[in-house]
Amino acid sequence: MNAPTYNFAYLDEQTKRMIRRAILKAIAIPGYQVPFASREMPMPYGWGTGGVQVTAAILGPKDVLKVIDQGSDDTTNAISIRKFFAKTAGVETTTSTDAATVIQTRHRIPEAPLRAGQVLVYQVPIPEPLRFLEPRETETRRMHALAEYGLMHVKLYEDIARFGHIATSYAYPVKVNARYVMDPSPTPKFDNPKMDNCPALQLFGAGREKRIYAIPPYTSVVSLDFEDHPFTRYKFDAPCALCGAEDSYLDEIVTDNKGSRMFVCSDTDYCEGRQAAGHRGTESVAPHKEAAHG
Amino acid sequence: MAPMTIELQPGFADKVLSAQSTFRTVMEAMARPGQVMVVGDEVGGPSSMMPGVAAIALTLLDQETPLWLDEAFLRAPDVGAWLKFHTGAPIVGRSDAASFALIAEPATLPDLASFALGTPEYPDRSTTLILQVPSLTAGQTFHLRGPGIDGMTALTASLAPADLFARLSINEALFPRGLDVILVDGRSLVAIPRTTRLASSGV
Ligand SMILES: [Zn+2]
């Protein structure tokens, strides 16, 4: 018999306390990046160690955990993280957005509306929205301190000058509670409106960059834009080929070795739920489970 | 070394799981200002310390969190020793050096500006105040708004100091610097983060 040699949810208690204190400050200062002493996790940084540490610090035995990667519950990354917490914390896991109390995500927000009491944990690679404008941390800290966000608007406006519209379609910057400009992680800008006035708590963890930030429930989140070029969500030309949804974010997938393609929901739980409820698209018989993402 | 003359109360029965569930209660409270949350786990503590305060201390304090105590807690014979034994938090004399402040008698709360308010670059480097208040169920009704609140919420409480919300108006002028407060009555707690504002009455 081998007793587990790790603590509940893997992290030691002192690390959890440090992360928990950072989470409370992050909630109290919406959109502000709280530094924390990120720990090594038994997985590479690209696998969302920041999100994993946040999840490990909040998770308890009564939680039901869902993990999604680009909307899918079935990628290697999502399955590994789910198994990691099933093993180290003994939590129940699910693919259902509705049944989950904690949802860890990489690059998507579920299509089904979130509710009060749920926590959405984002894996964040680059938390600083000003980093590509200013490499020095002391400078970006100063810019946030003074709410000096003019350069960010200049960058977006350069898009308009060059392309006739704002070309940024992922990690589209938002302003939280009318104060901090925040990177929503590389989610498609399609998801940005879901962050606004959301009943669930949203927590963001960046492992390599050692930052935690948060959006409390019912908090204003506005995508940066201009009066003459307002933010647009992005509209797909056709509904999901499997469930016929016209309101969800679609991925293009290859359906055979001749290069045939179709567009289907990126959120697999949402798509399967709609199909189970009888909704049909033009290609509903196609083997959805074999959809290759990214 | 002199023998211990005070028998210390225990802390949590299960350190790991009780800290987790208490943290979730505090996190929910901070995410939903003005809403009363209840600490469910069994917790021991000094007689002058409410169970909610003891649970928060056991959950969030350690060697890395300088701690400030008000006169009443400092005078209580077992509080300092209990906190030292269970959390290891260093007790400091300067309130502006404290990560947390535990206040047994908030009627005598010092000037809020004497606590750490954070810096413009690091507003998180501020003191979290934990206040034992007379009641979180009966008393005056306060209407609150801000992040975490769906429109407006009503908190009925008997607060000490009575002008707490007036004094917390410094948060509006200082933001993003400021103070986050947790009010405790027995096992019940309510968080008032620095973003919470008093809505004009009669709305
Ligand atoms: Zn679909």
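**Entry 1: the pocket.** I began with the lining of the largest pocket, whose residues divide into eleven nonpolar, four polar and six charged. In this count Ala, Val, Leu, Ile, Met, Phe, Trp, Tyr, Cys and Pro are nonpolar, Asp, Glu, Lys and Arg are charged, and the others, Gly among them, are polar. The lining has 21 residues, and A:R21, A:A22, A:K25, B:S99 and B:D124 lie nearest the centre. Of the elements, α1(A) gives the most, with five residues. I noted a volume of about 460 Å³ for the largest pocket.

**Entry 2: ground rules.** The model is predicted, so I noted its limits: local features need pLDDT of at least 70, side-chain atom pairs count only at pLDDT 80 or more, and totals for chains, interfaces and linings use all residues. Residues are numbered from 1 along each chain as its sequence is written, chains are lettered from A and ligands numbered from 1 in the order in which they are written, and side-chain values use heavy atoms, with hydrogens and water left out. Helices (H or I, at least four residues) and strands (E, at least two) are DSSP runs, numbered from the N terminus. For pockets and cavities, a 1 Å grid is laid over the protein atoms alone; a cavity is a set of points where a 1.4 Å probe fits but cannot get out, a pocket is an open set with protein on both sides within 12 Å along at least five of seven lines, and lining residues have an atom within 4 Å of a point. Grid points are joined across faces, edges and corners, and a volume is the space filled by probe spheres set on the points.

**Entry 3: the cavity.** How many cavities of 30 Å³ or more are there? I found one. About 90 Å³ of space lies in the largest cavity. It is lined by 13 residues, with A:Y32, A:Q33, A:R141, A:H144 and A:Y180 closest to its centre. Helix α4 (residues 137-145) of chain A supplies the largest share of the lining, five residues. I then looked up A:H144, which sits in helix α4 of chain A. A:H144 is buried, with a relative accessible area of 8%; buried means under 20%, exposed over 50%, and partly exposed in between (1.4 Å probe, protein chains only).

**Entry 4: the zinc ion.** Which residues coordinate the zinc ion? They are A:C240, A:C243, A:C265 and A:C271, each through SG, at 2.2 to 2.4 Å. Donors here are N, O and S atoms within 2.8 Å of the metal (3.2 Å for Na, K and Ca); water is not among the atoms, so sites may look incomplete. The angles between the four donor atoms run from 105 to 115 degrees, which makes the arrangement tetrahedral; the rule for four tetrahedral donors is that all angles lie between 85 and 135 degrees. The donor spacing in sequence is C-x2-C-x21-C-x5-C. A:C243, in the loop between β10 (221-223) and β11 (250-254) of chain A, and A:C271, in helix α7 (residues 268-276) of chain A, are 28 residues apart and link distant parts of the chain. Both A:C243 and A:C271 are buried.

**Entry 5: a buried helix.** In helix α2 (residues 49-58) of chain A, ten of the ten residues are buried, so this helix is largely enclosed by the rest of the structure.

**Entry 6: the sheets.** Chain A has an open sheet of seven strands in the order β1-β9-β8-β5-β4-β2-β3, with mixed pairing. Two strands pair if DSSP finds at least two bridges between them. β5 (residues 119-123) and β8 (residues 201-206) of chain A pair in the parallel sense over five bridges, and A:Y122 stands opposite A:F204 in β8(A). In chain B, six strands form an open sheet in the order β1-β8-β7-β4-β3-β2, also with mixed pairing.

**Entry 7: backbone.** Most residues other than glycine have a negative phi, and most peptide bonds are trans. The bond from B:A160 to B:P161 is cis, with omega near -5 degrees. The bond from B:F175 to B:P176 is cis as well, with omega near 10 degrees. A:Y10 has a positive phi of about 75 degrees although it is not a glycine.

Methods: Four donors count as tetrahedral if all angles lie between 85 and 135 degrees; four count as square planar and six as octahedral if opposite donors are over 155 degrees apart and all others between 65 and 115; anything else is irregular.
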